[in-house]
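Welcome! Here is a short tour of one protein model, with its open spaces and a handful of its residues as the stops. Please have the picture in view as you read.

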Amino acid sequence: MKKSFWMIAIILITLNACKKDETSSSNTTPTPEVIDIPANYIKLGETWIGGAAAKATVYGLKAPFTGYNKLYTLLTDSTSGKVLKNGHLSIYPEMTMPMMTHSSPVDNQESEVPNGNFYEGAVVFTMPSTAGVWRLKFNYHNHASDKEGNGSMELNVVQSDPARSLSFIAGDDSSKVVLALVEPEKWKNGLNDFEITLHKKGMTDFPEIKDYTVEIEPEMPSMGHGSPNNVNPVYTKNGHYLGKVNFTMSGLWQVNIRLYKNGKLIKDGISFTITL
């Protein structure tokens with residue numbers, strides 16, 4: 001009888017311990033990964049990417065504006081909070097207006113591995129949100145889990161002042177062109193990279209333009225002079241043209257741009273104002 005009593009007691013204690021272990025395990029919350037966000041990044045928004053079990057958080061260097069916006073997207077597992085670093089991310093900008101819907105030029109990261117923790121890309125917003133609603137649409141294929149899904153988020157885009165992008169009709173084939181200035185984080189006295197993007201304007205597709213010749217001429221209107229040692233931008237890839245501009249002193253500069261195709265001038269009178 002005593003032996004049976006102790007056997008029953010041992011069984012009950014064992015079952016109770018197992019129950020406590022199960023309860024403790026089910027109440028354990030995964031600890032999100034501590035992620036270092038650069039001090040100059042501004043959070044623009046976030047969205048869940050359904051189907052890929054992921055969360056996208058988007059950062060920029062400025063609040064969204066009309067022009068070339070660099071974007072840095074952090075992707076994390078929606079359950080564990082761990083950074084996702086093996087997958088393919090595509091961003092598609094979409095403007096919804098009362099009478100139409102259209103896109104704009106976009107740079108998507110080519111690599112399937114982010115730079116550090118962030119997938120880098122860019123969008124040229126061609127008009128402010130006062131004209132309609134801008135959305136960023138995301139598609140992410142998580143290669144680690146082989147899951148894929150979509151998400152979207154709204155952005156409030158303001159009109160840049162001075163202008164950082166413009167649209168015009170090119171003289172060669174009457175096609176509409178979108179030109180945008182790619183600004184460094186800060187302009188400085190001396191030589192600076194001077195970069196622009198050129199794309200043909202469409203509704204859903206904005207093909208790159210890679211056969212233009214670009215000339216630049218900086219001038220300081222208040223002083224009546226220009227500067228030496230400038231390098232005309234040349235095509236690199238994805239509609240980007242890169243050169244050098246030389247600012248010899250602080251103040252307001254105007255960089256004038258002329259565009260040629262096959263040696264024929266197709267557009268002049270373009271300029272961007274830059275203040276040091």
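How much space lies in the largest cavity? About 50 Å³. This is a predicted model, in which local features need pLDDT of at least 70 and side-chain atom pairs count only at pLDDT 80 or more, while totals for chains, interfaces and linings use all residues. Residues are numbered from 1 along each chain as its sequence is written, and side-chain values use heavy atoms, with hydrogens and water left out.

**Terms for the tour**

- Empty space shows up when a probe the size of a water molecule is rolled over the atoms.
- On a 1 Å grid over the protein atoms alone, a cavity is a set of points where a 1.4 Å probe fits but cannot get out, and a pocket is an open set with protein on both sides within 12 Å along at least five of seven lines; lining residues have an atom within 4 Å of a point.
- Grid points are joined across faces, edges and corners, and a volume is the space filled by probe spheres set on the points.
- Strands (E, at least two residues) are DSSP runs, numbered from the N terminus.

**Cavities**

- The structure holds 2 cavities of 30 Å³ or more.
- Lining the largest cavity are L71, Y72, T73, L89, I91, N108, Q109, Y119, E120 and G121.
- Two or more residues of that lining come from each of β3 (67-77), β4 (87-96) and β7 (118-125).
- Sorted by class, the lining of the largest cavity has 5 nonpolar, 4 polar and 1 charged residues. Here Ala, Val, Leu, Ile, Met, Phe, Trp, Tyr, Cys and Pro count as nonpolar, Asp, Glu, Lys and Arg as charged, and the others, Gly among them, as polar.
- The second largest cavity holds about 30 Å³ of space, and its lining is made of Y68, P105, V106, D107, A122, V123, V124 and H199.
- β6 (106-107) and β7 are the elements that give two or more residues to the lining of the second largest cavity, with the largest share, 3 residues, coming from β7.
- In this second lining, 6 residues are nonpolar, 1 is polar and 1 is charged.

**Pockets**

- The largest pocket has about 530 Å³ of space.
- Its lining counts 26 residues, and Y68, D107, N108, N238 and H240 lie nearest the centre.
- β3, β6, β7 and β12 (190-200) each give two or more residues to the lining of the largest pocket; β3 gives the most, with 4 residues.
- By class, the largest pocket is lined by 9 nonpolar, 9 polar and 8 charged residues.
- The second largest pocket has about 210 Å³ of space. Of its 13 lining residues, L61, K62, F65, Y68 and E183 lie nearest its centre.
- β3 supplies the largest share of the lining of the second largest pocket, 4 residues, and that lining has 7 nonpolar, 2 polar and 4 charged residues.

**An open sheet**

- Four strands form an open sheet with antiparallel pairing, in the order β14-β13-β17-β18. Two strands pair if DSSP finds at least two bridges between them.
- Why is one side of β14 (225-226) and of β18 (264-275) left without a neighbour in the sheet? Both stand at the edges, each with a single partner strand, so one side of each has no neighbour there.
- Strand β13 (residues 213-220) is joined to β14 by 2 bridges, and the two run antiparallel. E219 stands opposite G226 in β14.

**Residues to look up**

- N192 sits in strand β12 and is buried, at a relative accessible area of 2%. Buried means under 20% relative accessible area, exposed over 50%, and partly exposed in between (1.4 Å probe, protein chains only).
- Beyond its neighbours within four places in sequence, N192 is in contact (heavy atoms within 4.5 Å) with K186, W187, G243, K244, V245 and F247. N192 and G243 are 51 residues apart in sequence and 8.5 Å apart in space, C-alpha to C-alpha.
- The peptide bond from D161 to P162 is cis, with omega near 5°; P162 lies in the loop between β9 (147-155) and β10 (165-169).
- A53, in the loop between β1 (42-49) and β2 (54-60), has phi near 50°, a positive value in a residue other than glycine. A53 is partly exposed, at 26% relative accessibility.
- N238, in the loop between β15 (231-235) and β16 (240-247), has a positive phi near 50° and is partly exposed at 33% relative accessibility.
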